[in-house]
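The following note sets out several points for a colleague to follow alongside the coordinates. Please read each one with the structure open.

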Amino acid sequence: MTEAPVPLIEPREGLPPVVADADGLADTVGAFGTATGPVAVDAERASGYRYSHRAYLVQIRRAGAGTALIDPLACPDLSALGAALAGAEWVLHAASQDLPCLAEVGMRPARLFDTELAGRLLDYPRVGLAPLVVSVLGYALEKGHSAADWSTRPLPEPWLRYAALDVELLVELRDALHGQLRAAGKLGWAREEFEALARFQAPGPRDEPWRRTSGLHRVRDRRRLAAVRELWLERDRLARRRDLSPGRVLPDAAIVEAALAMPKDPAELAVLPVFRGRAQRRESDRWARAIARARATADTDLPSLAARYDGPPPARSWASRDPVAAARLAAARAV
């Protein structure tokens with residue numbers, strides 16, 4: 001019978017204080033710059049709460065220096081720390097998620113190891129950090145605060161403990177996965193992928209970001225698509241100004257429902273269930289004006305029903321649109 005994983009509930013050296021001033025940051029730079037070996041790096045954002053995708057906490061761990069928790073609101077320039085770690089291999093989990101917000105504070109790795117990508121290359125069925133730590137190292141991480149609002153200040157102690165544990169075993173996990181990649185003959189592949197990730201740049205803004213509105217498939221005429229566009233753009237301006245996640249300003253479902261109904265004024269808009277709440281009633285004139293702009297849009301300026309693609313079409317349509325590519329995909333899947 002497989003042994004139950006060992007719960008990991010406390011950092012080995014205890015919970016470190018949060019680095020939140022210049023002196024503390026200087027001490028951290030010195031300690032981590034003279035330590036040795038790979039450095040575990042993680043960042044916490046406030047996705048779903050804030051408009052920005054900035055880092056609200058940065059966690060690092062290295063042999064000889066222990067763990068540091070850094071507040072990038074209090075210490076917004078971490079370029080000195082990035083420079084101190086320039087010669088080290090950075091170990092991250094799902095690196096593409098954290099690299100953009102780390103770059104914003106001046107931290108860019110020259111070399112990295114992505115434990116999530118390593119897990120994928122090794123065919124692990126679940127490659128989240130907690131499942132991988134269980135499968136590879138036999139420890140159970142507490143993951144209850146992964147979706148917390150990390151812009152909260154002060155950060156509660158249980159959240160900080162969770163954040164510290166996220167880097168507690170990252171280097172050990174890297175070492176175990178490195179050995180497995182070598183044994184599987186996949187280490188060369190992994191290194192190529194890691195080199196590409198070290199040069200990762202976040203994609204630029206989309207041409208028509210409003211087309212990612214959930215439920216857009218229900219909107220099947222150009223005038224109503226224009227209403228989705230106007231509502232989305234108005235929501236985005238308001239969310240940016242308030243530094244709130246757009247979905248907290250107005251849910252996608254509300255945008256779609258309003259576009260389908262095309263109310264003529266705020267009173268008709270208020271009849272829709274999603275717009276009956278106090279927060280939406282306060283902004284009803286704003287949303288009604290957005291719909292009015294869609295009504296007034298010239299036919300020649302209405303959005304097309306089909307989205308523009310700047311890359312290949314979805315794979316599900318290859319059989320009819322690109323049979324040669326479909327045949328290659330089928331052959332690759334068989335292998």
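A crossing of two helices is called right-handed if the near helix is turned clockwise from the far one by less than a right angle, and left-handed if anticlockwise. The model discussed here is predicted.

1. Helix α9 (residues 222-242) packs against helix α11 (residues 252-261) at an angle of about 140 degrees, and their axes are 8 Å apart. The crossing of α9 and α11 is right-handed. On the α9 side, the contact involves Arg 224, Ala 227, Val 228, Leu 231, Trp 232 and Arg 235, while α11 contributes Asp 252, Ile 255, Ala 258, Ala 259 and Leu 260. Of the residues in this contact, 8 are nonpolar and 3 charged, with no polar ones.

2. The model contains an open sheet of 6 strands with mixed pairing, in the order β2-β5-β4-β3-β6-β7. Because β2 (18-19) and β7 (111-114) stand at the edges with a single partner strand each, one side of each has no neighbour in the sheet.

3. Val 18 lies opposite Leu 69 of β5.

4. Helix α3 (residues 95-104) lies across β3 (39-44), β4 (57-62), β6 (89-92) and β7, and runs at about 80 degrees to β3.

5. Which residues of helix α5 (residues 129-137) are buried? They are Leu 129, Ala 130, Pro 131, Leu 132, Val 133 and Val 136. The elements covering these buried residues include α4 (115-121), β8 (139-141), α6 (157-168) and α7 (170-183). Just after α5, Gly 138 adopts a positive phi of about 80 degrees.

Conventions. Residues are numbered from 1 along each chain as its sequence is written. This is a predicted model: local features need pLDDT of at least 70, side-chain atom pairs count only at pLDDT 80 or more; totals for chains, interfaces and linings use all residues. Side-chain values use heavy atoms; hydrogens and water are left out. Buried means under 20% relative accessible area, exposed over 50%, partly exposed in between (1.4 Å probe, protein chains only). Helices (H or I, at least four residues) and strands (E, at least two) are DSSP runs, numbered from the N terminus. Contact means heavy atoms within 4.5 Å. Two strands pair if DSSP finds at least two bridges between them. Axes are lines fitted to C-alpha atoms, for helices over the stretch in contact, and angles run from 0 to 180 degrees between N-to-C directions. Ala, Val, Leu, Ile, Met, Phe, Trp, Tyr, Cys and Pro count as nonpolar, Asp, Glu, Lys and Arg as charged, and the others, Gly among them, as polar.
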